[in-house]
Amino acid sequence: MSLSYFCVSVAFLDSAFHGRRDGGELEWPPSPLRLFQALVAASAARWRESLFHESAVPALKWLERQPAPDIITPEAAASSAYRISVPNNAMDIVAAAWARGNYTSKDAQPATHRAMKPVRAMRMLDGESVRYLWQLPDPLTEEVRGFVETLSAASDNLVALGWGIDLVAGNGRIVVASQAEKLAGQRWRPTNAPSDDALRVPVPGTFEALLARHQTFLSRLVNTDNFMPVPTLSVFDSIGYRQETEPASRPVAVFSILKMDACGFRPFDPVRRTHIVAAMIRHAAAESAVSAGWSRERINTLIHGHTPDGAGKSLSENGLPRLSYIPLPSIEERGHGKNVVSSIRRVLVAGPLGSADEIGWARRALNGQELIEERTKRPSALLSLLPMNDGRIRRYLDPSSVWATVTPVVLPGYDDGNPTKTEKRLRTAIKQAEFPSLLADQAILEWRQVGFFPGLDLARRSLTPAHLEAYPRYHVRLRWPAEVKVSGPIVIGGGRYCGLGLFAAMK
């Protein structure tokens, strides 16, 4: 027994793809729904009437029931836009002129009814083939093998994918896992997390909807007194896709920390107060959750990061989701473009994947909340919600290939001063922060006591919660290849839930 995939390879003859998303934006990669529609057309061209229904339809209905495929693409970039002159579908005006016996006026000339259409494409840079891989059942049944053989034959009849000018040559085959791993290109995987790269995928019923839409198209002019417009396809799903090297985006909310009279920022020292500010925000979130009627178990796990009964710390391996409270030191430009790390004036609350509702609640509930000092039990600051386009927070969120700590990483274990152990602990910390293993393995690591940004103190001088005091801590710089852009927030290590191990993008 071995893992295998049904692979459809689509080679673009011109290394360009013109397909668009809703709203006219360029689509990349080409969506699985687009390929499914092309396979339906190819099947109809290859098999006619009874053969189409006997051979192709069962295979196509099997394919629409499969989970969204992985996609492997060449690196691509948007080309420069240009405009072409195209007919603007105004032949009714021309026909009306001809019906009146007018053959010489401007309205009667088809060539005058044209419009300028903007054209832009995704240009493939290091290849021309896009591959779609559906995982096959193990063991592979004869029924499924027959479906794959039919769809592979249909793939040979693929003509275009995207616009009519996006001519392609298709091929379908079964590949084993070792062969799939060797396929070159950028790998895109479906994700349940919200994504700006959502692509349309077929679902059960898509084939029948396409068939009904085609019948409507054929009969749209049967009754010349009652034109029947062709409806848009509505039976499909949209699923987020992200590259294998791209960590899934976590939902976040960002607040400024103001003085009690809201007349300005209330700054905090990042060396001594990072974990204390995080604790105050966690307390404010817990109080807000109690007022909102949350259950004690939910507060214990999601807000405090404890076990449901509150008896102990929640371990990462038990899979219980929790919020992170991340104080953000300001990164200020001071002369000649030098970036200097200064006081904490903002804070970011990050949720686990799939917690958009909880972070939406945090935005509403924490806005205007007081931060209470544990020692004095008195309020010392106010939280005020910030827009996500605030310039001071983009260094913590926007994609970059190089990141460095503004608060030191607390290793998830001892290293005994051994560099090999230190590197191993750091790669483990990246994986524990839910980054893909490939990113953790590809990262070029540098670590030291001195910070990589001006204004930072030695890593060992940063205060931590009591349970982390004994563990080593370092300032760290992460580098990936220039083509790998990683989005934030990046927070790793034993103190990642209280703002330690926070990285900012280096310019």
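Visitor: Why is Asp457 called partly exposed?

Guide: Asp457 has a relative accessible area of 28%. Buried means under 20% relative accessible area, exposed over 50%, and partly exposed in between, with a 1.4 Å probe and protein chains only. Asp457 is therefore partly exposed. The model is a predicted one, in which local features need pLDDT of at least 70 and side-chain atom pairs count only at pLDDT 80 or more, while totals for chains, interfaces and linings use all residues. Residues are numbered from 1 along each chain as its sequence is written, and side-chain values use heavy atoms, with hydrogens and water left out.

Visitor: What makes the meeting of Asp457 and Arg461 a salt bridge?

Guide: A salt bridge is a side-chain nitrogen of Lys or Arg within 4 Å of a carboxyl oxygen of Asp or Glu. For Asp457 and Arg461 the N to O value is 3.1 Å, so the pair forms a salt bridge. Arg461, with a relative accessible area of 49%, is partly exposed.

Visitor: Why is the pair Arg394 and Asp398 called a salt bridge?

Guide: Their side chains meet at 2.6 Å, N to O. Arg394 has 26% relative accessibility and counts as partly exposed; Asp398, with a relative accessible area of 30%, is partly exposed.

Visitor: Which parts does the salt bridge between Asp70 and Arg189 tie together?

Guide: The closest N and O atoms of Asp70 and Arg189 are 2.5 Å apart. Helices (H or I, at least four residues) and strands (E, at least two) are DSSP runs, numbered from the N terminus. Arg189 counts as partly exposed, at 32% relative accessibility.

Visitor: How many salt bridges does the structure hold?

Guide: The structure holds 15 salt bridges. Glu446, Arg477 and Arg479 are linked in a network of them.

Visitor: What makes the nonpolar surface patch of about 300 Å²?

Guide: Leu13, Val159 and Leu167 make the patch. Patches are made of residues with over 30% relative accessible area and no salt bridge; like charges are joined within 9 Å, and nonpolar side chains (Val, Leu, Ile, Met, Phe, Trp, Tyr) within 5 Å. Accessible areas come from the Shrake-Rupley method with a 1.4 Å probe, and for residues only the protein chains shown count as cover. Leu167 has 39% relative accessibility and counts as partly exposed. Leu167 lies in the loop between helix H4 (142-155) and strand S9 (168-176).
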